[in-house]
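I wanted to take the steps slowly and write each one down.

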2 protein chains.
Amino acid sequence: MMLGPAIELGLDLTVLATDPAESAAAVAGDVTLGAHDDERAVRELAGPVEVITFDHEHVPPEILEGIGRDGLAAVRPGPDALLHAQDKLHMRERLSALGHPCPRWWRLPDAAALEAALAEAGGRIVVKTPRGGYDGHGVRIVERAEDVADWFAQGGDLLGEELVPFTRELSAQVARRPRGEAVAYPVVASRQKDGVCYEVIAPAPDLDPEAERRIRELALAIAEDLDVVGMLAVELFETADGAVSVNELAMRPHNTGHWSMDGAVTGQFEQHLRAVADLPLGATTPLAPCAVMVNLLGGAAEDLRPGLEAALAADPELTVHLYGKSVRPGRKIGHVTLLGEEPGALLERAHRAERLIVDGPGDGDAVPAP
Amino acid sequence: MMLGPAIELGLDLTVLATDPAESAAAVAGDVTLGAHDDERAVRELAGPVEVITFDHEHVPPEILEGIGRDGLAAVRPGPDALLHAQDKLHMRERLSALGHPCPRWWRLPDAAALEAALAEAGGRIVVKTPRGGYDGHGVRIVERAEDVADWFAQGGDLLGEELVPFTRELSAQVARRPRGEAVAYPVVASRQKDGVCYEVIAPAPDLDPEAERRIRELALAIAEDLDVVGMLAVELFETADGAVSVNELAMRPHNTGHWSMDGAVTGQFEQHLRAVADLPLGATTPLAPCAVMVNLLGGAAEDLRPGLEAALAADPELTVHLYGKSVRPGRKIGHVTLLGEEPGALLERAHRAERLIVDGPGDGDAVPAP
């Protein structure tokens, strides 16, 4: 999704892919073959380019440090910044030291520490592997130390966090250039399904303007404090009293920002490229009072075409983004966006489209003859 | 510009290009090498695909007829429809027979016919080569038969048209599916510079709603009468009395519709793909009260980056589309779009951006330090 905006900004994009059949590689003109954790491949990518950036957080920091040290390419966000999105213990330590709101958390070197944290927290906490988790992987709700015995056996400290009694999840996205220019998008509300981002409403409904302003400033402050370059998504818990605490950080275009591709003057993929290429940032102004985004997660339909036809026929205002990935149950294979006035009605339409596309049209969903 | 929408709709796109370095080929995953008038190459392209469509009108009709006859692929728009965009004499004959408004026109087999037309028209007419013209090529204002002696020497009839005293040019775009479903975009106003589309205002300012409705219906009727599949642009002259007559037809996404990529729910490239792939058509609703599009025509700057930086810095709401083409004077190398309320102010901003990008920032256009 960065490819289109890259062309339009006159930037040459080379993609690192493990397989030429990968969806990004299949559409990119220039591809370097190799894995993201293969130092040789990442350095081969770095050689001819000016800037390296990411669509996930899993490139090992030591590879990126070497590229910066040897002057092969600018790494944006830099390895020091990126580490806060790669290592959740590092993120908690740093945000806490900076005074940014976090849930209560514990460094857990062993089962004894976990038992102590459980006692302190009332018997249940969330335990996370500091690195490598995504979309609900590497996260468990734990009542006994045995629940994560396998993780302790692998070595390394774990992160414990209180179970925040949140009323909803919010996400604040900002973009920042190398020398500090930054812009913030409207704060959005997101909902997960089995640990995977599922639906987003932009802007977050019924969010007090003063609270919105504070959350935007929090995200801008985190971007500056951590020296982030590119897009930063700050995922937040909101509790009944209106307070927020930071859940996770992502330093790249993020699922909670997909709405901006169709719903804002500057979409997040273009914005990320502008930021890492050190071009002036674009307006984050929404194009409609409300945008909703619903993820398409692999369902019963292997061939998406009949459901796509039914969904487009049912809703001419629907925008569909398929990712060119093969369908596996629960896999993110695309998303849909709708712009309008009222989030409830838009969500209902978006979910109808989602069901048609991922499960295929049923008997009651006949495609009307044109 | 069809590539992004193709991916998002789950369509596999193969591009026919004469050179792998051509801008479309450089970004497309699948490329067939060959010229658009090379029957072997076009048939090689047709073999594996389901549908062939176009981004210009210059593929010889006999090649397309052969592909249809041999069932290699569906050709959309079909050769019979496309001929009206390929051959201006054919278009004039057909539109006149259908009763659609045209300027006075003459078939000119020879200099004597041209002299007669000149006498009838008061001494000056427009003469066009029926085929192969674009962007002002193949069009001359003629006062004496000698002015087009070279064209007559090449053989074949020419087209003569009265010089319409138009007050402005309008463009009406519609999209139509194989079985007839069709949608119309808002009618826009366009302005040319040296025969090349230069700026577009959507919707056309101060166009009476009843006149707009009639023009949309004219475009929809032409699409149906000619059995067009895909996007159809009907370029029109508007005269002081508010009457319109058809200037030209284009059966593909058209420069006068570029505003829709950023300014309408469904952009024209996605809409064209939906139509030719026989998918339900999308809403043509504008996203703002006014959109303006200004073409970037190659100017003094060979390196576009400094001007791009200055333009983006000066106007965060600016959307820039570069085409990845090398810069030559007057060549279309991209376009810019702005959404807002008032066309005059938007045009001023768009032209400021245009000058910065195509000529580069001057002494007075220093890029502000971020």
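These entries follow the order in which I looked things up, and I keep in mind that the model is predicted.

**Entry 1, the sheet.** I began by asking in what order the strands of the sheet in chain A are placed. I found an open sheet of four strands in the order β5-β8-β6-β7, and the pairing is antiparallel. At the edges stand β5 (105-108) and β7 (139-142) of chain A, and each has a single partner strand, so one side of each is left without a neighbour in the sheet. Going from one strand to the next, I noted a twist that averages 25 degrees. As a reminder to myself, strands of a sheet pair through backbone hydrogen bonds, either parallel or antiparallel.

**Entry 2, one pair of strands.** I then followed strand β6 (residues 125-128) of chain A, which is joined by four bridges to the antiparallel strand β8 (residues 158-162) of chain A. Looking along this pair, I saw that A:I125 has A:E162 of β8(A) opposite to it.

Across β5, β6 and β8 of chain A lies helix α6 (residues 88-98) of chain A, which runs at about 135 degrees to β5(A). Helix α7 (residues 111-121) of chain A also packs on the sheet, where it touches β5, β6 and β7 of chain A, and its direction makes about 165 degrees with that of β5(A).

Which rotation superposes chain A on chain B? I noted 180 degrees, with 0.0 Å of shift along the axis and an RMSD of 0.0 Å. The two copies are therefore related as by a two-fold rotation axis. Of the interface residues of chain A, 100% are also interface residues in chain B, so the copies meet through the same surface.

Conventions
Residues numbered from 1 in each chain as written. Chains lettered and ligands numbered in written order. Predicted model: local features only at pLDDT ≥ 70, side-chain atom pairs only at ≥ 80, totals over all residues. Heavy atoms only, no water. Pairing = 2+ DSSP bridges. Axes fitted to C-alpha atoms, helices over the stretch in contact; angles between N-to-C directions. Contact = heavy atoms within 4.5 Å. Least-squares fit on C-alpha atoms with pLDDT ≥ 70 in both.
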